[in-house]
Amino acid sequence: GNGAEPQDLDPQTITAFTDQCIALALFEGLCALDEKTSQAVPAAAERWDVSPDGLQYTFHLRPNLQWSNGEPLTATDFLLAWQRTLAPALGAEYAYLLFPVKNAAAFNAGRLTDPAALGFAAPDARTLVITLERPTPFLPALTAQPPWFPINPRVVQKFGRLDQRGTAWTRPGNLVGNGPFVLSAWSPNARLVTTKNPRYWDAERTRLNSIIFYPTENMDVDERNFRAGQLHLSYELPLAKVDGYRRDHPEQLRLDPFLETFFLRFNVTRPPLDQPKVRAALARALDRDSLTRNVLRGSRRPAYHYTPPNCAGYTARAQIPDDFAEARRLLAAAGYPGGRGFPALDVQIRNDELHGKILEAIQAMWQRELGITITITPVEQKTWLQNQQTLNYAISTARWVGDFVDPI
């Protein structure tokens with residue numbers, strides 16, 4: 001149960017966690033993240049060396065790497081993929097994950113146009129040298145992220161330009177990857193099927209013959225499918241079912257720490273959200289403890305700061321307090337005492353129970369404590385993401401999963 005229909009399967013342009021789960025089956029970077037430790041481990045690269053000053057990484061590819069169509073996978077394929085990620089025309093939202101590389105940010109901004117100026121080099125078909133702007137100790141973990149994945153440039157160019165989005169190269173029968181699985185079928189809003197890739201370097205130890213991803217956004221349907229034996233795994237659970245599974249089926253429930261923060265985006269180009277005091281009032285008029293304890297049934301922790309606690313040993317000291325009295329004072333200082341004159345605002349939410357239940361509770365808190373009214377508009381995930389990217393909202397729910405364990 002994968003939660004949503006993919007926007008695409010292009011590793012350089014996807015942003016949703018649910019899309020990345022599929023990309024991890026179809027592609028592989030120089031490194032991967034170990035499930036138990038979240039640390040970088042060798043993947044397409046068998047090893048790497050770091051210069052004493054931390055500014056140069058040399059990755060050594062495994063011998064005889066192949067694309068799923070049988071073509072050899074070389075260091076140049078990685079280089080062209082990274083140049084593609086940084087190409088301004090592609091507009092890759094995740095391009096910044098390559099910004100530690102020398103001249104990457106300038107190239108992505110269009111200030112440099114010569115890809116030879118980038119801190120990438122391929123001295124031979126199995127060696128990649130990456131030169132950095134500054135020491136970046138988490139660089140191996142970055143290379144486990146989709147924007148760093150290789151793409152087969154010859155296949156991509158059959159269907160358009162390298163820096164073109166949304167072409168047919170990611171469709172079944174067209175997509176060529178280097179991961180443990182290949183794309184066999186994709187029925188939109190129904191299911192996506194991947195099957196074992198016999199050309200993957202570690203195919204002998206790939207124990208699954210297939211992974212079928214179901215893009216079910218309705219958690220109740222997902223949970224019924226799980227109980228009926230139609231799913232082996234799902235990432236979410238209807239909130240009303242959490243206590244029952246804890247009590248009656250604890251062996252089927254995993255509540256793991258997750259590097260994710262749920263938050264609200266304010267579109268600061270729209271009045272009255274352009275006023276800092278209004279935003280501060282809304283932020284303080286939340287009882288986070290009640291939201292996590294009562295609405296989320298203790299399945300999450302209150303977020304009083306943006307970075308999750310104990311992130312590689314770091315916990316933020318600054319906190320956003322729950323303070324209804326201060327929220328009312330701030331709203332009055334912004335010109336809306338008791339909520340009088342405050343316009344009705346719409347909140348865009350992802351169309352699932354989790355977002356809906358949380359926003360219904362927040363809606364009641366803001367009405368009760370501040371005297372303001374909001375409406376709630378559910379949309380499917382693709383629209384939810386697109387609207388955030390184009391600022392087509394007043395307030396939107398948002399969730400960010402940390403891609404690697406570092407507070408940055």
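This report describes the protein chain as a whole and then residue Q388.

## Basis of the model

The model is predicted; local features need pLDDT of at least 70, side-chain atom pairs count only at pLDDT 80 or more, and totals for chains, interfaces and linings use all residues. Residues are numbered from 1 along each chain as its sequence is written, and side-chain values use heavy atoms, without hydrogens or water.

## The chain as a whole

The protein chain has 12 helices and 13 strands, taken as DSSP runs (helices H or I of at least four residues, strands E of at least two) and numbered from the N terminus. Its C-alpha atoms fill a box of roughly 70 × 55 × 40 Å along the principal axes.

Of the 408 residues, 48% count as buried, meaning under 20% relative accessible area with a 1.4 Å probe, protein chains only. Among contacts (heavy atoms within 4.5 Å) between residues at least 6 apart in sequence, 64% join residues at least 24 apart.

## Residue Q388

Q388 lies in helix α12, which covers residues 381-389. Its relative accessibility is 12%, so Q388 counts as buried.

The side chains of Q388 and R265 are joined by a polar contact of 2.5 Å. Such a contact is a pair of N or O atoms within 3.5 Å; within protein, one must be able to donate a hydrogen and the other to accept it, and residues adjacent in sequence count only if both atoms are side-chain atoms. Apart from neighbours within four places in sequence, Q388 is in contact with R265, Q348, Y393, S396, T397 and A398.

Note on methods:
Buried < 20%, exposed > 50% of the residue type's maximum accessible area, 1.4 Å probe, protein only.
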